[in-house]
Amino acid sequence: LQLNLESLRAELDDAQPDLPPGRAREWKTLLDELSDGANRIGQLVSGLQHHTRPDGPPAPAVSVRLLVQRAQLLSGVHLQPGATAQVHVPEGLQVIGRETQLVQVLLNLMQNALQACNEAGLPLALDVRAEPTQHGVSLTLQDNGPGMDPDLLLRVKEPFVTTRHGGVATGLGLYVCEAIVQAHGGDFWLESAPGAGTTAR
């Protein structure tokens, strides 16, 4: 990706005399942002590989309820007027994993739900459920937000794709979520429809 960006940068330098005033500067800014994003993705993947190498230290068992509680506190859901969060997580349910990374997954999902509801003018109603399965734990977060159309749902986990407006989001949140879950041996997917909220599993 970085090699392609450098090639584009060279092409832009060659074409600059023929471009409208200011256009070359806009494109250079865009290329800088893409390059920065590519670097962050590389650092993320490198960090996940470091934490999941077979010769690395074994991951500890962590409480799923504690993970949810810490993500809730960091997300600020409890501070939003009218927001509610129903948590159904059995006492004693645990997973093997990196606490900081798993909290980051839940935090990203809670913040996405909160932002989507805020933009739609809805008080967030979040439902969090967990249950043991044959191979680990099934964890579901369901919100009452505006939902996504099928085309966006297919692309929303790709890097730099975002539903946020005004340039306030990087479009890496769900990409990070999937990378962390997969690095822990799990699966991550979303279900959504316009007007029907979003469920992350």
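1. R70 is partly exposed, at 38% relative accessible area. In this predicted model, the side chain of R70 forms a salt bridge with E99, and the closest N and O atoms lie 1.8 Å apart.

2. A second pair involves helix α3. R65 and E91 meet through their side chains in a salt bridge, with an N to O distance of 2.5 Å. R65 is in helix α3 (residues 64–75), whereas E91 lies in the loop between β2 (84–88) and β3 (94–96); the pair links distant parts of the chain, 26 residues apart. E91 counts as exposed because its relative accessibility is 65%, and the cut-off for that class is over 50%. R65, at 29%, is partly exposed.

3. K157 and E178 form another salt bridge, at 2.8 Å from N to O. This pair also links distant parts of the chain: K157 is in the loop between α5 (150–155) and α6 (173–183), E178 is in helix α6, and they are 21 residues apart. K157, at 22% relative accessibility, counts as partly exposed. E178 has a relative accessible area of 18% and is therefore buried, since the buried class covers values under 20%.

4. The salt bridge count for the structure is five. Among them are R70 with E99, E91 with R65, and K157 with E178.

5. How many disulfides does the structure hold? The number is zero. C117 has a relative accessible area of 0%, so C117 is buried. C177 is likewise buried, at 0% relative accessibility.

6. Taken by accessibility class, the residues discussed fall as follows. E91 is exposed. E178 is buried, and so are C117 and C177.

Technical notes:
Residues are numbered from 1 along each chain as its sequence is written. This is a predicted model: local features need pLDDT of at least 70, side-chain atom pairs count only at pLDDT 80 or more; totals for chains, interfaces and linings use all residues. Side-chain values use heavy atoms; hydrogens and water are left out. A disulfide is a pair of cysteine sulfur atoms within 2.5 Å. Buried means under 20% relative accessible area, exposed over 50%, partly exposed in between (1.4 Å probe, protein chains only). A salt bridge is a side-chain nitrogen of Lys or Arg within 4 Å of a carboxyl oxygen of Asp or Glu. Helices (H or I, at least four residues) and strands (E, at least two) are DSSP runs, numbered from the N terminus.
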